[in-house]
Amino acid sequence: MAVLAAKGIIKIDLKTTASSGSSTSVFETGSLSVSSIHVDTSNIASPPKPLLIISPTVQGTYPVLLFLHGYELRNIFYTHLLRHISSHGFIVVAPQLYGLIPSSGIKEIRSAASVTNWLSTGLQSVLPEKVKPDLEKLALSGHSRGGKAAFALALGYAESSLKFSALIGLDPVAGKGKCCQTDPKILTFLPHSFNLTIPVSVIGTGLGDEQRNCIKCPCAPDGVNHVEFYSESKPPCSHFVTSDYGHMDMLDDNPPGFRGVISGYKCKNGSCPRDPMRKCVGGIFVAFLKAYLDGETADFKAIVNDPGLAPVKLDPVEFIES
């Protein structure tokens, strides 16, 4: 069963930050140079799955973020988003959980757990010189079905030896509808029912529950999308919705290969450029992780108090304190 950080959660008092006149730099690229590292299973470090690791190159010890890709997508499709996060001082590990044929939900979660268990023995050996991972500050995240997998792993649906200190769902999806959840069925449809004791943030999209056309089903249907994941999370939990963007709009502009091309036609997309969306999502990741991993709460409080700081419209923005 996954081990979770159950105590020592940082408390955030929004009243200590003014509701106007605040600013934040998390939506811009951070000050650290980063490197993209591709590690195959044949590498001497022997990861259980192929990995995209994005790490600062500047000497230091950094928190680690495990990021799980969405259904039928590739980890490299998120390169710009993950580089943004890493440039603010995080080592991002994004496994490719399966190849051409998607694995079952249970197998996907077990694969994520195996990568988690590998971190303590293998990660250091593939990082830039003088860069060290701080696995005492390990966060878990994922997009789409990968977001659901992240919640399932945090809930203990697969064995993991490391502690997670924070959880982020990026437009998580648990199936085609309330009656059609993918296995394992983790949603209970009861408020605050997730048995989690770590801070949770859920980022949703305003267009994810809309059909692209009369034939295609929504990519993030009502009842099993970000709204329900947030509803079932216990405090401290936060919810940010990019109201004018769709389920795939945080991906790179032109993801490579057949799957990359298809990803642009699966879901209803926003009409605006993706770069502001990636900056917004990346900034929320950074602000949340800085708040709950490092105790630097100013950026997170600024965004919650003044969503207009974000480069795209955020509506609604919700936060329940612990």
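Biologist: Why is the disulfide of Cys 219 and Cys 267 called left-handed?

Modeller: The torsion about its S-S bond is about -90 degrees, so the disulfide of Cys 219 and Cys 267 is left-handed. Keep in mind that this is a predicted model.

Biologist: How do you know that Cys 219 and Cys 267 form a disulfide at all?

Modeller: Look at the sulfur atoms. Those of Cys 219 and Cys 267 are 2.0 Å apart. The cut-off is 2.5 Å, so a pair within it counts as a disulfide. Cys 219 and Cys 267 therefore qualify.

Biologist: What makes this a link between distant parts of the chain?

Modeller: Cys 219 and Cys 267 are 48 residues apart. Cys 219 is in the loop between β9 and α4. Cys 267 is in the loop between α5 and α6.

Biologist: Are Cys 219 and Cys 267 buried or exposed?

Modeller: Both Cys 219 and Cys 267 are buried. That word means under 20% relative accessible area.

Biologist: How many salt bridges does the rule give?

Modeller: The count is twelve.

Biologist: Why does the pair Glu 28 and Lys 279 count as a salt bridge?

Modeller: The closest N and O atoms of Glu 28 and Lys 279 are 4.0 Å apart. The rule asks for within 4 Å, so the pair counts. Glu 28 lies in the loop between β1 and β2, and Lys 279 in helix α6, so the pair ties together parts that are 251 residues apart in sequence.

Biologist: What makes Glu 28 and Lys 279 partly exposed?

Modeller: Glu 28 has 46% relative accessibility. Lys 279 has 25%.

Biologist: How far apart in helix α6 are Asp 275 and Lys 279?

Modeller: They are four residues apart, so about one helical turn separates them. Their side chains meet in a salt bridge, 3.5 Å from N to O. Salt bridges with shared partners join Glu 28, Asp 253, Asp 275, Arg 278 and Lys 279 into one network.

Biologist: What is the volume of the largest pocket?

Modeller: Its volume is about 510 Å³. The largest pocket is lined by 19 residues, and the closest to its centre are Tyr 71, Val 173, Gly 175, Lys 176 and Cys 219.

Biologist: Which classes make up the lining of the largest pocket?

Modeller: Ten nonpolar, four polar and five charged residues line it.

Note on methods
Residues numbered from 1 in each chain as written. Predicted model: local features only at pLDDT ≥ 70, side-chain atom pairs only at ≥ 80, totals over all residues. Heavy atoms only, no water. Helix = DSSP H or I, 4+ residues; strand = E, 2+ residues; numbered from the N terminus. Buried < 20%, exposed > 50% of the residue type's maximum accessible area, 1.4 Å probe, protein only. 1 Å grid on protein atoms, 1.4 Å probe; cavity = no way out; pocket = protein on both sides within 12 Å on 5 of 7 lines; lining within 4 Å. Points joined across faces, edges and corners; volume = space filled by probe spheres on them. Nonpolar A, V, L, I, M, F, W, Y, C, P; charged D, E, K, R; others polar.
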